[in-house]
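Thanks for coming, everyone. Please bring the model up on your screens, and we will walk through it piece by piece.

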Amino acid sequence: MIQPTPGGSADDPKGISALFLNTDHGQDQAGGTATLSFGRAVILPAPVSALDRARAFIASTDWAPDLGSRIGSREWWRGAATCTALIAATCALSPGFDQTIPGSVAPALAGSQWDEARAQSIAPLAWGGSTGRRMAANDLVAPLAETPERPTLDMTATFGTGDSFTRLLQRAGVSASDASRAADLVSGAVAIDDIKPGTRIDMTLGRRPSRNVARPLDHLAFRARFDLNLSLARQGDTLAMTRHAIAIDNTPLRIQGLAGSSLYRSARAAGAPAKAVEAYIKAIASRISIGAVAPSDTFDFVLRQARAATGEVQLGDLMFAGLEQRSKKTQLVKWDDGQWYEANGQSQRQGFMGMPVSGRISSNFGMRRHPLLGFMRMHKGIDIGAAWGSPIYAAIEGTVQFAGRSAGYGNFVKLSHAGGIASGYGHMSRILVRPGQHVSRGQQIGAVGSTGMSTGPHLHWEVWRNGVSVNPRGFSFSSVATLSGEKLRAFKSRVAQLMAVKPGQR
């Protein structure tokens with residue numbers, strides 16, 4: 001017997017076919033492609049009970065349709081009936097709005113139960129404690145009059161520019177008597193003014209009898225000098241100072257290397273500080289033109305060096321300046337009088353350095369086509385191309401005759417010298433001198449720029465003799481000073497010591 005499907009009747013073949021198609025979908029492929037040649041097997045469904053049909057009907061029926069769409073349809077009325085039935089059931093089962101629902105109320109806490117509950121409330125947490133029975137204070141706990149202090153206090157102070165050692169200690173909380181005593185002890189070892197700003201001072205402050213007085217100084221230690229550590233410690237009612245000497249190695253530092261495309265940058269890359277490189281260039285420029293230095297030339301200079309046993313290193317002044325070229329070797333040693341002498345003990349003081357700035361000559365003295373005006377014009381000086389901000393030095397000592405803005409020269413400085421000689425420096429980015437100021441040879445008077453009628457950063461250097469422009473490269477004068485006697489022997493000994501230093505020795 002064939003049972004009809006829920007979608008048809010017993011007399012409706014479509015219902016049977018629908019049941020067959022729904023339950024036997026894909027069964028003809030169960031045996032693979034070979035089964036297609038044998039036809040399709042008909043599989044009859046199992047008998048369906050009334051309970052199964054009811055469950056299938058309930059599961060397939062939408063009991064809560066959207067009442068806002070298809071209003072008036074069969075599904076809409078079924079949803080409205082469902083909603084009405086639910087509302088009626090709720091009203092029938094509700095106890096009413098005028099009836100009271102009985103409930104139990106916890107009794108009030110008292111005694112130890114109240115203390116335990118209070119220990120877990122918000123206020124004790126705000127007081128800094130953790131929850132628990134031990135947290136809340138009961139009547140047996142006596143409150144403290146004040147918070148107890150630490151027995152000792154370790155701290156670090158920094159010595160500032162223009163600071164006073166006594167004021168520094170008092171700001172840290174040291175009593176006035178201890179601060180004055182400590183300053184007296186330190187001044188007996190080193191001058192207070194010689195303590196470098198930024199020096200860190202470690203100290204320990206002891207226990208005080210009350211908060212109304214300052215803490216006593218129990219211990220103090222700091223680096224007073226590069227070769228000296230000082231420490232103060234309390235012994236009874238007074239302070240005692242101990243000196244801790246630091247071993248220092250004063251072997252000079254010698255640096256050598258190729259000049260490359262830029263003598264300044266090559267020396268800096270070799271590890272020389274900027275001030276030492278500037279001093280080296282000024283010393284060498286007093287003998288030769290820096291513009292004549294070739295990339296294959298070798299620079300050589302020796303610096304003062306101090307190495308502490310604790311690992312710190314200090315580099316000092318330039319002691320030796322050398323430059324080895326193919327056809328010439330320049331060796332200069334700085335003597336005690338501040339002058340640079342050649343290795344044979346002679347000092348040739350030139351009125352003009354090779355160039356007042358480190359760079360290359362981009363335009364010579366004479367007639368030329370002006371780069372901005374476009375016509376031939378007399379160029380009364382030389383142009384030295386250099387990086388923006390490079391220092392400009394006075395050629396020889398003199399007096400500032402003019403310093404300010406001057407038409408096409410831009411920022412311009414004019415120096416007057418002895419013998420009717422004057423020199424001018426144009427296109428500066430900064431002017432570091434003022435009119436009437438006396439400047440020495442090699443003193444910085446400004447920085448390279450591109451002010452005025454200029455196509456790029458460079459220095460226009462001009463020289464006048466009795467008011468007439470002359471070629472700066474062809475104008476020079478010099479005087480020679482020679483060491484003799486005991487000074488010459490001491491000088492030779494120093495030269496031998498400097499030449500014995502190995503390059504890069506640490």
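Let's start with Asn466, in the loop between strand S23 (458-465) and strand S24 (468-470). Helices and strands here are DSSP runs, numbered from the N terminus; a helix (H or I) needs at least four residues and a strand (E) at least two. Asn466 is not a glycine, yet its phi is positive, about 55 degrees. Is Asn466 buried or exposed? Asn466 is exposed, at a relative accessible area of 61%. The cut-offs are these: buried is under 20% relative accessible area, exposed is over 50%, and partly exposed is in between, with a 1.4 Å probe and protein chains only.

A word on the source. This is a predicted model, where local features need pLDDT of at least 70 and side-chain atom pairs count only at pLDDT 80 or more, while totals for chains, interfaces and linings use all residues. Residues are numbered from 1 along each chain as its sequence is written, and side-chain values use heavy atoms, with hydrogens and water left out.

His427 has a phi near 65 degrees, and His427 is not a glycine either. His427 sits in strand S20 (residues 421-431). His427 is buried, with a relative accessible area of 6%.

Next, helix H7. How far apart are its end C-alpha atoms? They are 21 Å apart. The 14 residues of H7 should span 20 Å at 1.5 Å a residue, so the two values agree. The expected span is 1.5 Å times one less than the number of residues.

Which residues of H7 are buried? They are Asp178, Ala179, Ala182, Ala183, Leu185, Val186 and Ala189. These residues cover an arc of only 165 degrees around the axis, so they lie on the same side of H7. The arc is taken from the directions that lead from the helix axis to the C-beta atoms. An α-helix has 3.6 residues a turn, so residues three or four places apart point the same way.

The face of H7 turned away from the buried side carries exposed residues, Ser177 and Gly188. What covers the buried residues of H7? The cover includes H6, strand S3 (217-225), strand S4 (228-235) and strand S5 (238-245).

Look at both sides of H7 along the chain. Ser175 is buried, with a relative accessible area of 15%. Leaving aside neighbours within four places in sequence, Ser175 is in contact with Ala214 and Arg215. Contact means heavy atoms within 4.5 Å.

Gly198 is in the loop between H7 and S2. Gly198 is partly exposed, at 45% relative accessible area. With neighbours within four places in sequence left aside, Gly198 is in contact with Thr158 and Phe159. The C-alpha atoms of Gly198 and Thr161 are separated by 7.8 Å, and these residues are 37 residues apart along the chain.

On to the strands. Two strands pair if DSSP finds at least two bridges between them. S2 (residues 200-205) and S3 run antiparallel, joined by five bridges. Ile201 stands opposite Phe222 in S3. S3 and S4 also run antiparallel, with six bridges. Leu220 has Leu232 in S4 as its bridge partner. How many residues lie between S3 and S4 in their hairpin? Two.

Now the rings. Rings of Phe, Tyr and Trp (its six-membered ring) pair if their centres lie within 6.5 Å; planes under 30 degrees apart are stacked, over 60 edge-to-face, and the rest tilted. The count is eight aromatic pairs. One of them is Trp76 with Trp77, edge-to-face at 4.8 Å centre to centre and 85 degrees between the planes. Trp76 is buried at 18%, whereas Trp77 is exposed at 55% relative accessible area.

Tyr280 and Phe301 have ring centres 5.0 Å apart and planes at 45 degrees, so this pair is tilted. Tyr280 lies in helix H9 (residues 274-285) and Phe301 in strand S8 (residues 298-308), so the pair ties together parts that are 21 residues apart in sequence. Both Tyr280 and Phe301 are buried. Together with Phe299, they form one aromatic cluster.

Last, charges over rings. The rule takes NZ of Lys or CZ of Arg within 6 Å of the ring centre and within 35 degrees of the ring normal. Arg223 has its charged end over the ring of Phe226, 5.5 Å from the centre. Lys414 lies over the face of Trp464, at 4.6 Å from the ring centre.
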